[in-house]
Amino acid sequence: MAVMLKALADTGFYNSEYLQHLPRSAAHAKLAAFAKARETGVSLTQPVARQQALHYYIPPGGLSGVWDYVVQNLRAPEFFDLADPVLLINAKNMKTMFREDTPQKLIQSFHARWESKTVFPNRSSEGTASTPHVYLWRQKCLEHIQSKFKMDVPRDGMKVSPYPWALLNDVGSMTLEPGKRHPLRFAGLIYSQFYSSTKEILDAAKTYPFADQSLEGLAVDPSLHKEWQREAKHFGCKWSAQKARQTYGSSKLRVAEGLTSALSKSFGVREEHRMTIDLLLQIGKHMEARGLINQPLACPTFQTSPHRYPPFLAIPTHIAIEYLRANVNKFAFGFEYSLVKDGGKTISPAAGQMALMFLQFLRASYQGFPVRRTPGMWIDISQPNNEPPRHGMGLQYTLAHRGYGFLQQHKIAWDTWLLRA
């Protein structure tokens, strides 16, 4: 795995457009493959495979050169047991593909298809910048895009889901989903989403660090853990504090390896639209009529953008990664300290509340996160239907006024480690 990843990066056949979607290192790939099993603290009735197969598609243009590089490097002394590798190709359900009347026609048909699929021209891809960068959508640009989806239709039901990136207000992701009455829905648009590929640093087949709900059980006093186990059995689940701690430790290890191995890569922004095939064909006809169908799709840059600024921020990768690392470490410390503040053998209700708060912020510290759909983080004070007031961390104010999801001073009594009502 290490030799293959090095070959893909060093041969120059694939630029950062492709490399950003691949594992950053062999160690990171191994942690991602085991993430589903190791970072799921509650065992359900249906067992989870200990190791998952993660699949990545590599365009064929440079495979011949990459394979030559792999073969050459495996002749080094440290890879002596792997030298002279052989590619084995397995295929099934080919009965109709090569069905012919005579053996001669069968052989000719096979060779013709074999040559068309396995002989690839060697070509060089464009190089990447000397300094890797992370690209992030500007929030103002996303709001401008959102305004273009508005149409003069009453109650169109447009669902807008913003995701501030790593607790920052000025960059983030967004999903737009037209309602049933929206003209775009009738035209065939299902949804549109805009996000940064930095999500792939720590996304292991939809398993994200610290996301497992079993971690919340660690914030409960240990005297209640057996009761938690008994209750879990009623739902066909198994929970244990030891497994939850292992889940947390595995998440920390994967974050550390993922961020470290991402320092040398660039990560771009993506714009995706899910639509019906009819809408896609209509778009193709309009592009052809305007003479755009054969033009390469180019992302606006600082030099080519007709506006003062392009729709994204470009930040050197090492700065963005170290910011994420500091963010994670800060909230991880708060979570861990809350668990041991009272000596480790007991957890007070106040410390448990602090631990849950830090855990929620930890989940938002490294990715685009729906803070607006998390009332405990988003609201300041809410009092619906004359009920007792509900207090949150008030990110709706700190994000807007400070640009970052700071913890408001008056919300926490730091000297006693207590959330204030």
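D84 counts as exposed, at 54% relative accessibility (buried means under 20% relative accessible area, exposed over 50%, and partly exposed in between, with a 1.4 Å probe and protein chains only). The side chain of D84 meets that of R75 in a salt bridge, 3.8 Å from N to O (a salt bridge is a side-chain nitrogen of Lys or Arg within 4 Å of a carboxyl oxygen of Asp or Glu). This is a predicted model, where local features need pLDDT of at least 70 and side-chain atom pairs count only at pLDDT 80 or more, while totals for chains, interfaces and linings use all residues. Residues are numbered from 1 along each chain as its sequence is written, and side-chain values use heavy atoms, with hydrogens and water left out.

**Overall picture**
- The protein has 14 helices and twelve strands (DSSP runs numbered from the N terminus, with H or I over at least four residues for helices and E over at least two for strands).
- Of the 421 residues in the protein, 38% are buried.
- Contact here means heavy atoms within 4.5 Å. Among contacts between residues at least 6 apart in sequence, 68% join residues at least 24 apart.

**Salt bridges**
- The structure holds nine salt bridges, including the D84 and R75 pair above.
- K199 and D203 form another, at 3.2 Å from N to O; K199 is partly exposed, at 28% relative accessibility.
- E272 pairs with R270, and their closest N and O atoms are 3.0 Å apart.

**Helix 9 against helix 11**
- Two packed helices are described by the angle between their axes and the distance between the axes. Axes are lines fitted to C-alpha atoms, for helices over the stretch in contact, and angles run from 0 to 180 degrees between N-to-C directions.
- Helix 9 (residues 241-261) packs on helix 11 (residues 317-340) at about 165 degrees, with the axes 10 Å apart. Helix 9 is therefore roughly antiparallel to helix 11 (angles under 35 degrees count as roughly parallel, over 145 as roughly antiparallel, 65 to 115 as roughly perpendicular and the rest as oblique).
- The crossing of helix 9 and helix 11 is left-handed (the near helix is turned anticlockwise from the far one by less than a right angle; clockwise would be right-handed).
- On the helix 9 side, the contact residues include Y248, K252 and V255, and on the helix 11 side they include I321, R325 and E336.
- By class, this contact of helix 9 with helix 11 has nine nonpolar, one polar and three charged residues (Ala, Val, Leu, Ile, Met, Phe, Trp, Tyr, Cys and Pro count as nonpolar, Asp, Glu, Lys and Arg as charged, and the others, Gly among them, as polar).

**Helix 11 against helix 12**
- The axes of helix 11 and helix 12 (residues 349-364) come within 8 Å and cross at roughly 160 degrees. That angle makes helix 11 roughly antiparallel to helix 12.
- Helix 11 passes helix 12 in a left-handed crossing.
- Among the residues that meet are F331, G334 and S338 in helix 11, and M354, F358 and F361 in helix 12.
- The contact of helix 11 with helix 12 has twelve nonpolar, two polar and no charged residues.

**Helix 1 and its surroundings**
- V3, L5, A7 and L8 are the buried residues of helix 1 (residues 2-10).
- These buried residues pack against helix 2 (16-19), helix 3 (26-38) and helix 4 (63-73).
- Just after helix 1, G12 takes a positive phi of about 85 degrees.
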